[in-house]
Amino acid sequence: MLTYTTHRLLIIGLGLIGGSFAKALKSRKVVQHVAAYDRHPQECDLGMRLGVIDEAVEDLPSAVQQADVIVLAVPVKAMEAVLKDIQPFLRPTTLLTDVGSTKGHLVQAVRQVFQQIPSGFVPGHPIAGAEKSGVIAADADLFERHKVILTPLPESDPKATLEVARLWQSVGAEVLQMDPYRHDQVLAATSHLPHVLAFSLVDTLAHEEENRDIFRYAAGGFRDFTRIAASDPVMWHDICQANRDAILKQIDQFTSGVARLRSAIAAGDSQAMLGIFSRAKVAREHFSTLLAGSAYSANTQDIDLRIEPGSPLSGQVTIHSDRSISHRAIIIGALSEGVTDIEGFFEGEDSLMTIKAFREMGVVIEGPHQGSVRIYGVGLQGLQPPKGPLYLGKSETSLQLLTGLLVAQSFSTEVFVDEALSQQSLLSTLMSLRTMGAKIDSNEQGGPPFRISPSILKGAEIELPHASAQVKSSVLLAGLYAQGQTCLKTNRFCRDHTERMLKSFGYPLSESEEAGEVKTTINSAGTLTATKIRVPGDFSTALMMIAAATLVPQSSLTLTDIGVNPHRTKLLPLLSRMGANIQLTLHKDTGFEPVADIRVTYAQLKGQVFTAEDVACVVYELPFLMVLALFAEGQTLIHLPETLSAKESALILSTVAVLREQGAQLELNGSQLVLTPSALKGGEISDVLPPIVAFAMIVASTRAQQALRIKHSAALLAAYPALVEQLRHAGISIHKESD
Ligand code: NAP
């Protein structure tokens with residue numbers, strides 16, 4: 001068994017990337033000795049003068065023999081020649097890695113030169129760089145918060161991969177793994193094609209005399225688009241040769257995309273033009289967070305929230321619209337016949353993922369523009385296969401609901417998600433859909449990525465031990481296509497936004513309750529007819545403000561146009577039992593979702609006993625009840641339902657942990673929660689909390705002894721972009737801060 005050490009590291013090719021890696025490792029004292037070899041000795045001399053390396057190598061064979069780690073940082077085309085030079089001197093325990101922008105070509109060269117892949121060989125590619133070259137441009141922080149893709153081979157020793165990963169992580173990089181050939185395809189699309197286009201555009205315009213003015217008066221657009229044409233031409237020449245086939249494929253796809261746009265412009269086809277532009281705009285806007293993390297030169301920034309206690313909530317506040325209803329409006333609008341107009345669409349990262357997914361399946365969607373979205377529905381059978389795998393980011397709702405829809409389509413789909421969601425298990429959804437005949441491959445835990453194959457679905461009777469709106473919705477969407485009748489049985493009511501949305505689009509379904517069993521039945525014979533949807537204000541965010549206004553003396557707040565679906569508002573009577581002052585003024589019933597203005601004023605609460613039946617339908621809102629109970633007079637006892645889903649249990653445990661850390665006296669004995677009035681200290685919370693727990697902690701902070709800083713809130717703010725402004729509008733003293 002081989003063991004690897006990383007004391008002596010040798011960089012071959014001391015340019016921008018080799019120099020930056022050397023400088024980063026040396027300045028952080030990750031390895032004991034950094035040597036470098038370059039075909040121009042003066043580069044190494046400069047490296048010594050700049051303090052980038054410890055030794056400028058003249059005798060390459062002996063440096064190779066002594067090295068524990070060798071990093072090839074030469075242009076991709078020079079890799080093969082370097083491999084030939086070092087092969088006779090490499091020890092079996094030496095780690096061999098590289099930083100080249102293409103991988104397939106290198107793997108081929110290693111096979112040729114070594115006859116077989118050495119177990120210490122682990123190819124790599126840092127997704128970081130600059131439009132500069134040479135060791136003079138070396139930057140010790142170049143890889144901080146950037147991704148590095150390692151592409152180990154089946155022959156690579158996992159211990160070697162771990163060591164190489166550790167080196168990159170020690171210089172601040174986030175390490176990912178990928179198959180080398182997949183790497184080349186992905187990079188051809190995301191990096192090589194944009195560079196090729198930028199070079200070609202500048203070259204094309206520069207050739208035309210009448211275009212000289214474009215350079216003279218170049219506006220921001222031209223500068224932004226062509227910045228990367230200033231990159232090293234030789235490097236890009238080499239990359240185009242090394243990754244020829246994948247780049248050609250991308251150029252062909254792009255050419256046909258431009259041809260489609262050209263014919264839309266020529267024909268004055270507004271719908272096609274708007275389809276292309278709005279798909280691109282939304283994709284760009286909502287991938288920008290993701291792009292920032294993976295771009296060559298930008299860094300993502302973490303954001304903390306700081307809340308000062310004591311400010312009363314007052315006035316009249318309109319809050320963002322409902323997330324759950326927004327997702328469903330897009331899904332059902334896309335599947336309907338005709339044009340659906342949505343007002344008040346919630347423009348959060350998650351619901352925009354749903355829009356993006358339907359655009360990729362050929363649905364033309366205009367907007368969102370200030371909450372307005374227009375969907376040109378394609379009917380139940382009109383979705384088209386997406387061109388590649390569907391990426392659903394961190395949006396669990398998109399993932400759950402679309403899985404139910406995709407299993408019923410006549411095409412195969414691959415679905416993948418952000419790392420943050422990839423641990424999520426959808427076993428309950430998958431089991432239900434498989435009962436109907438769905439073909440879904442998942443990871444071992446029942447999580448994404450999913451490979452979904454077409455199948456003929458059959459209606460079935462499905463019992464859900466834990467009532468979940470997302471699982472139910474997923475099955476109902478599959479039920480739109482399944483032969484015969486699909487009947488869902490749950491032991492308690494849960495949110496019914498999908499059922500209400502289907503009915504608004506004229507789709508029949510029936511719901512009944514008997515002996516504590518809730519039954520929802522749907523047949524596949526119906527049609528969805530486009531309509532107008534007005535999405536009401538989000539009740540979960542409203543609940544945070546209701547709880548905070550109840551807690552802070554002198555508060556008197558009115559929230560307007562809030563969705564008060566009876567399955568969402570079940571916490572309100574429990575709060576009233578504790579003495580809260582909450583009044584609902586219902587709007588005229590439109591038959592869709594009930595809407596109300598909610599007025600709430602400060603109240604001194606009293607501890608209560610809540611039975612499992614009381615809280616069965618409000619488990620997700622319990623974090624608010626737990627926080628309020630800590631400020632009530634007397635103890636509060638909450639009996640939790642016996643059968644909690646894994647997600648519900650995790651939520652309760654996370655709330656218990658963070659409240660205890662804040663100084664709360666609370667005991668969790670089996671399924672009993674005992675909360676004793678306590679002072680919460682404020683300070684800092686550094687764990688990343690589930691959104692509803694973060695909301696509850698914002699409520700808690702309004703009565704904490706000192707300001708509370710909720711760290712790592714970037715994901716929360718991406719999900720709720722207007723959160724801070726709306727809380728401030730209500731009177732809460734909250735600020736975004738970055739380190
Ligand atoms: P660079 O600044 O030009 O550095 C490469 C160095 O290697 C140069 O000093 C070069 O000398 C030297 N070299 C060339 N052939 C050699 C050989 N046979 N033996 C020893 N030294 C040799 O290039 P870079 O930007 O650092 O790129 C290095 C590698 O990183 C490439 O494989 C590239 O694909 C990859 N990469 C680059 C970026 C980026 O943004 N620049 C990002 C990620 C990965 P000459 O100047 O004489 O050729």
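Student: How far is an oxygen atom of the ligand from a polar backbone atom of Ile17?
Tutor: That distance is 2.8 Å, and it is a polar contact, meaning a pair of N or O atoms within 3.5 Å. A backbone N or O atom of Leu16 also lies 2.9 Å from an oxygen atom of the ligand. From Asp38, a polar side-chain atom lies 2.8 Å from a ligand oxygen.

Student: How much of the ligand's accessible area does the protein cover?
Tutor: The protein covers 87% of the 880 Å² that the ligand has on its own, with areas from the Shrake-Rupley method and a 1.4 Å probe.

Student: And where do these numbers come from?
Tutor: This is a predicted model, where local features need pLDDT of at least 70 and side-chain atom pairs count only at pLDDT 80 or more, while totals for chains, interfaces and linings use all residues. Residues are numbered from 1 along each chain as its sequence is written, and side-chain values use heavy atoms, leaving out hydrogens and water.

Student: New topic: is strand E5 buried or exposed?
Tutor: Leu95 and Thr97 on one side, and Leu96 and Asp98 on the other, are all buried, that is, under 20% relative accessible area with a 1.4 Å probe, counting protein chains only. Strands here are DSSP runs of at least two residues, and helices of at least four.

Student: Why two sides?
Tutor: Because side chains in a regular strand alternate between the two faces of the sheet.

Student: Which residue of E5 is the bridge partner of Ile70?
Tutor: Leu96 is. Four bridges join E4 to E5, and these strands run parallel; DSSP must find at least two bridges for a pair.

Key. A polar contact is a pair of N or O atoms within 3.5 Å; within protein, one must be able to donate a hydrogen and the other to accept it, and residues adjacent in sequence count only if both atoms are side-chain atoms. Buried means under 20% relative accessible area, exposed over 50%, partly exposed in between (1.4 Å probe, protein chains only).
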